Amino acid sequence: MNTTTSRSLQTIVFVFIAVGLIALALGGYLAPLSRIVLNPIIAAQTWISQRYQAVQELVNAPQDTARLRQEILQLRDENSQLQAQIIELRQQLAETSVLSALVDFARANPENRYQAAAVIARDPSPFLNYVIINRGSDNGLRRGMPVVTQQGLIGRVDAVTAGAARVMLITDPASSVNVRLEPGRDAAVLHGQITGDLSLEMIPQDADVQAGDLVLTSGLGGGYPQNILIGQVTGVRSREQDIFKSASIQTMVDFDQIEIVLVITNFRPIDILPLLPVEEAP
Amino acid sequence: MPMATLISIPVFALLMILQSSLFSRIPLLYGTLDLFLLVLAAWALQKRVQTAWQWSIVAGLIFNFVSALPLGAPLIGYGLSTGIALALRRQVWQYPLLAMFAAVFFGTLITHAVSLTALRLVGHPIPVLEAFNLITLPSLLLNLMLAAPAYALIGDLAARLYPEPLES
């Protein structure tokens, strides 16, 4: 009996002590005590945990490194593929915008029939400004046909094979195009230069030519159809002792970057040489 | 036709593709590299090569097929350049690289002089001094820059086509 009573008493005392401790802990009265007790424990736990993690990393490192290297290689591969895709898409976008502009140009000039062609090469001689396009007689191209882009005239077909053609650019020193200036409607001749620049010659001294005047083909001589835009006058040179004025012009075409061109296939150049007077020998 | 001559056709066809679609688009001022001249000079300077003239004819014909230069101008230009290279091979045979530089130097001047003369004869109004300053001098520099690598590459090709006889 006594034993049972003393055990019950002990239990009650323990419960009270426990409840008291919980109440004290909840009330925050045990915080300094718990700090003193727990801090070394936490420090020891942290130290052991860190050492354990270090050892674990050391054991697993080779596998992880190999896996990470593989992942890096994969990601690099993916990255380069995506970069290539971006470049390809940008190229397609540029081509599409050029083609779209060419279609607009063709729609704006419905009187002509066009054959689109890509520039695939340049003349290997540095003295000549010619390009080679990937359309030839099989596509209806003939010698003398004018070649344009959406920005204006670039030249004419000089030689043709079945699958390709050589185009003499208007910047070639041997090129000469009869032009007229707008709004004055004065006639002049456009010449190319070895530097790729263009100059207007044979402008009458009384012609009213201003910087900003438009230069268009006149159609004279039968070499080119009329009214194809070439560029704008940028400066006029005139000396009193000269018979003619000359001018420099700026085209909108970047002749170093031509990619796609349109060949006007329904234009046949007229050879006027037989009509020119021939000097007879005395 | 021997193999060493036949192989010149694909070699120059490939060079023409590279020249017209790549190197002609990379000018220095207005001058460009002349792959044909480099290969011809390097080929003619190889000790055992006996087909230098045939190569120059093939080069001239292929160049003329693509270019708008007057008929025969590349043939004459490359022919004369090959002649100079062969003469240099006999005279400066102990210093092949020096001979290569000399052959490229004179070859560039000759091919350009022939092209310019031919163009002026057919009525192209190209100013000589301007062409020399803007085209010939930069081309010369480019050609000289690549003379040594071209000599080494063509030397390998020549060694394959004309192997040294084994000493018994």
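Predicted model: local features only at pLDDT ≥ 70, side-chain atom pairs only at ≥ 80, totals over all residues.

Modeller: Happy to! Residues are numbered from 1 along each chain as its sequence is written, with chains lettered from A and ligands numbered from 1 in the order in which they are written.

For chain A, the assignment gives domain 1 (9-108) and domain 2 (113-268). Taken over C-alpha atoms, the centres of domain 1 of chain A and domain 2 of chain A are separated by 65 Å. Even so, seven residues of domain 1 of chain A are in contact with six residues of domain 2 of chain A, contact meaning that C-beta atoms, placed from the backbone, lie within 7 Å. On the side of domain 1 of chain A that touches domain 2 of chain A, six residues are nonpolar, none polar and one charged. Here Ala, Val, Leu, Ile, Met, Phe, Trp, Tyr, Cys and Pro count as nonpolar, Asp, Glu, Lys and Arg as charged, and the others, Gly among them, as polar.

Now for A:Val215: leaving aside neighbours within four places in sequence, A:Val215 is in contact with residues including A:Val179, A:Leu190, A:Ile230 and A:Ile249. Chain A also meets a partner, as 18 residues of chain A are in contact with 26 residues of chain B. The side of chain B that touches chain A divides into 14 nonpolar, 10 polar and two charged residues.

Methods: Contact = placed C-beta atoms within 7 Å. Domains from an automatic or database assignment.
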